[in-house]
Amino acid sequence: MEAGPGFPARLPRVLGTKQQTTKGTIMSKNSFHKGNVIVRADAAYPQGALVVDGFNSSAHLLAHPMGGGLQLIIPPSDVPQFGIANEWEKTSVFRRAQFSIEGIAEKFRGWTDGHHWNGWAMPFFEGGEALRVVAVFDPNDARYEAATDSFITVTADGEEESWHGEIIALPDGGTAKLYPVGAGSWIWEEEDWSWA
């Protein structure tokens, strides 16, 4: 995470603890617990974050990428390089970005906090752009429902998906109402692009 006004470049993480055994120094199974979010010392949250699944019988740490993916088996010798993500790191910081889905020519301007679902981006859109997104992806059935402040889309199976507005804190101290249209469901990709 980059440093900003009043923000340090990185706060220290609580690293795993070592335990002496007849086989040498290994990490204690009490260092990390199932569900802990950990990050390697040379990585950044959220892209480098892993969720602890536990330890196997050989004291290997078992964890999977927070944004989705296969379980990793981390040897005991590498475990001391990981630490539990601190609360400051886990605080969402949104930035502007552009998003696309393969097979659709349009690009969409939105916001991201860097989180992923199964490796796919999880964008948030301002109201006007969210309206454009649903019109492109579901021109026949998509709609905005003012009563619930939601955009509604319909899947190929006829199931309705609802994308509720959320008030998001922005880096400049302001707020914006954003809609996570397709986040955690559609295969969004973040584009390399600078906001003009």
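**View A. Strand S4 (residues 37-40) and strand S5 (residues 49-55) run antiparallel and are joined by 3 bridges.** The view shows a predicted model, in which local features need pLDDT of at least 70, side-chain atom pairs count only at pLDDT 80 or more, and totals for chains, interfaces and linings use all residues. Residues are numbered from 1 along each chain as its sequence is written, and side-chain values use heavy atoms, with hydrogens and water left out. Strands (E, at least two residues) and helices (H or I, at least four residues) are DSSP runs, numbered from the N terminus. Two strands count as paired if DSSP finds at least two bridges between them.

View B. S5 pairs with strand S6 (residues 61-65) in the antiparallel sense, over 5 bridges. Val-51 has His-64 in S6 as its bridge partner. S6 in turn runs antiparallel to strand S7 (residues 72-74), with 3 bridges joining them. The bridge partner of Leu-61 is Ile-74 in S7.

**View C. Strands S13, S14 and S15 form an open sheet of 3 strands.** The order is S13-S14-S15, and the pairing is antiparallel. Strand S13 (143-145) and strand S15 (160-164) are the edge strands, each of which pairs on one side only. From one strand to the next the twist averages 30°, where axes are lines fitted to C-alpha atoms (for helices over the stretch in contact) and angles run from 0 to 180 degrees between N-to-C directions. S13 and S14 run antiparallel and are joined by 3 bridges. Within this pair, Glu-145 has Ser-150 in S14 as its bridge partner.

**View D. The buried residues of helix H2 pack against S10 and strand S14 (150-154).** Contact means heavy atoms within 4.5 Å. Glu-129, Ala-130, Val-133 and Val-134 are buried in H2. They lie on the same side of H2, because they cover an arc of only 135° around the axis; the arc is that of the directions from the helix axis to the C-beta atoms. Ala-135 also belongs to H2 (residues 127-137), but Ala-135 has a relative accessible area of 44% and is therefore partly exposed. Buried means under 20% relative accessible area, exposed over 50%, and partly exposed in between (1.4 Å probe, protein chains only). Ala-135 and Thr-153 are 18 residues apart along the chain, and their C-alpha atoms are separated by 9.3 Å.

**View E. The rings of Phe-108 and Phe-137 form a tilted pair.** A pair of aromatic rings is described by the distance of the centres and the angle of the planes. Rings of Phe, Tyr and Trp (its six-membered ring) pair if their centres lie within 6.5 Å; planes under 30 degrees apart count as stacked, over 60 as edge-to-face and the rest as tilted. By this rule there are 13 aromatic pairs. The ring centres of Phe-108 and Phe-137 are 5.8 Å apart and the planes stand at 40°, so the pair is tilted. It links distant parts of the chain, with Phe-108 in strand S10 and Phe-137 in helix H2, 29 residues apart. Phe-108 has a relative accessible area of 0% and is buried, whereas Phe-137, at 25%, counts as partly exposed. Ring pairs link both into a cluster that also includes Phe-99, Phe-125, Trp-163, Trp-186 and Trp-188.

**View F. His-115 lies in the loop between strand S10 (108-112) and strand S11 (116-117).** The side chains of His-115 and Asp-113 are joined by a polar contact of 2.9 Å. A polar contact is a pair of N or O atoms within 3.5 Å; within protein, one must be able to donate a hydrogen and the other to accept it, and residues adjacent in sequence count only if both atoms are side-chain atoms. Not counting residues up to four places away in sequence, His-115 touches residues including Tyr-45, Pro-46, Met-66, Ser-92 and Trp-120.
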